[in-house]
Amino acid sequence: MNDTITDKVMPALISPAPADDSTITHCPYRRATDLLQRLAPGKMRIGFFIGAGCALAVQVPDGKITKPLIPEIAGLTKQVKGILDENKELKDVAKAAWERVIGRGIPTPTVEDVLSHIRTLTSLCGKGEIDGFSKDVLVDLDRIICDQVREIVSIPLPPSNTPYHVLASWIQAIPRDKPVEIFTTNYDLLLEQALEEQRVPYFDGFVGSDSAFLDLESMAEDDLPARWARLWKIHGSINWWMTAKKKIRRSRDKVKGEQLLIYPSHLKYDQSRQMPYYAMLDRLRVFLRSDQCVLLTCGYSFGDEHINAYIAQGLSGNPNAACLGMIFNDLSNAPKAIELAKRHANLTLLATDGGVVGTVQRNWHSTVKDANPAYSIAVGKELAEWRTKAPATQCKWLLGDFAALGQFLANQLSSRDIEQRITDAH
């Protein structure tokens, strides 16, 4: 069993009392060992799902304090809304759009909620108006929002050794029979920068240099060497553009009249617009369908039902597939993840205060272990109160923080280097 039972063993002739659920726990150290074994060199396919929370792990100076390199979705929404409030032409339209979304039952809409609403109206709008908006105004509002998002997240990584750099180094150093695949919902270019700075070759579905184009056949054939990482950007990117001829290109250069391709609305009002998102998402389906594979998520709280459906389908159809979900806060902050993990035994959730292992939800135990140097990176007891409500005496899982996961990967690289030097010496 994967559990630790703290009840004392009762004499055989005495009927045991019902077990107290509070005394039955999961062991976080066993989860850390399991993770190390899965990430060890071998034939198993490894995939990383990098969510929006990962960028928060990179902190940069801001006067006497530090701030995230790229804000979370709430911070991004606040900045975009503030800019729109200063736009004389679109201020009233943007305010009305936000109010419409709130009226649909979303009390605190994000910029993605607003984009979805705008695109819904655009898909239904003819030459007249809908809900008080003309199609031209809706298209302009969509474009302005996307442009502002692009400007805000177009921040390069600092030159220091960030978790992104560590992940790239890990991909480069660990030999595998199958390529490491990275899936992300982020629009920024942090992963690309880290891979390139660490000189890790990768394929992202585009070919060419000056104005790269999407090559679906190369994505489907996937016959590049295993040392090439795969990068699949499920929600688009700030360097993807839809041309006037409905062609998709990748370039840092902005051309007047082209539409930035970020955040899919999952509506089929424009097949050419939807195609890149679905092509990238299909790679997740293909990955989870492969025989022995493990998908490690970080910075993702399973809030996107569309992505969850693909993960659930993959886990249901392949008993040899596994997903390890690292949750930054307590389990209570990820209700959709819990619901999914209780239906799929091969989805393991590892949150600050506890986990869902084999569909069973339990807290972590309170016994500290130090048999492995990686244990102190993955598990601890001292943690800020804003991050967890778990008692001070209880163990906490730390790898929901991308910075801690980076340290964990770096430790594995260091341990492997020591082992290799000992082997070479003999």
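Biologist: Before the numbers, what does contact mean here?
Modeller: Contact means heavy atoms within 4.5 Å. The model is predicted.

Biologist: Fine. What share of the contacts with a separation of 6 or more comes from residues 24 or more positions apart?
Modeller: Such residues account for 68% of those contacts in the protein chain.

Biologist: How many helices and strands?
Modeller: The protein chain has 13 helices and 22 strands.

Biologist: And what part of the chain is buried?
Modeller: Of its 426 residues, 51% are buried. The accessible surface comes to about 21000 Å². Carbon and sulfur atoms hold 52% of that surface.

Biologist: On to the core. Which residues touch the most other members of the largest nonpolar core?
Modeller: Phe 48, Ile 145, Tyr 164, Trp 170 and Leu 399 do, in a core of 88 residues. Helix α5, residues 135-153, gives the most to this core, with eight residues.

Biologist: What does Phe 48 touch, leaving out residues up to four places away in sequence?
Modeller: Its contacts include Leu 39, Leu 167, Trp 170, Phe 183 and Leu 409. Glu 181 is also among them. Another core, of 42 residues, lies apart from the largest one. Phe 49, Ile 248, Ala 321 and Ala 351 are among its members.

Biologist: Switching to charges. How many salt bridges are there?
Modeller: The count comes to 15.

Biologist: What does Arg 119 pair with?
Modeller: Arg 119 forms a salt bridge with Asp 142, with the closest N and O atoms 2.9 Å apart. Arg 119 sits in helix α4 and Asp 142 in helix α5, so the pair links distant parts of the chain, 23 residues apart.

Biologist: Are those two buried or exposed?
Modeller: Arg 119 is buried at 1% relative accessible area. Asp 142 counts as buried too, at 5%.

Biologist: Where do the partners Arg 283 and Asp 222 sit?
Modeller: Arg 283 is in helix α9, and Asp 222 is in the loop between α8 and β12. They are 61 residues apart. Their side chains meet at 3.6 Å, N to O. Arg 283 is buried, at 7% relative accessible area.

Biologist: What about Arg 285?
Modeller: Arg 285 forms a salt bridge with Asp 282, at 2.6 Å between the closest N and O atoms. Both lie in helix α9, three residues apart, about one turn of the helix. Arg 285 is partly exposed at 26% relative accessibility, and Asp 282 is partly exposed at 25%.

Biologist: Which residues are joined into one network by shared partners?
Modeller: Asp 140, Arg 143, Asp 147 and Lys 254, through salt bridges.

Terms used:
Residues are numbered from 1 along each chain as its sequence is written. This is a predicted model: local features need pLDDT of at least 70, side-chain atom pairs count only at pLDDT 80 or more; totals for chains, interfaces and linings use all residues. Side-chain values use heavy atoms; hydrogens and water are left out. Helices (H or I, at least four residues) and strands (E, at least two) are DSSP runs, numbered from the N terminus. Buried means under 20% relative accessible area, exposed over 50%, partly exposed in between (1.4 Å probe, protein chains only). Accessible areas come from the Shrake-Rupley method with a 1.4 Å probe; for residues, only the protein chains shown count as cover. A nonpolar core is a set of buried Ala, Val, Leu, Ile, Met, Phe, Trp, Tyr and Cys residues joined through side-chain atoms within 4.5 Å. A salt bridge is a side-chain nitrogen of Lys or Arg within 4 Å of a carboxyl oxygen of Asp or Glu.
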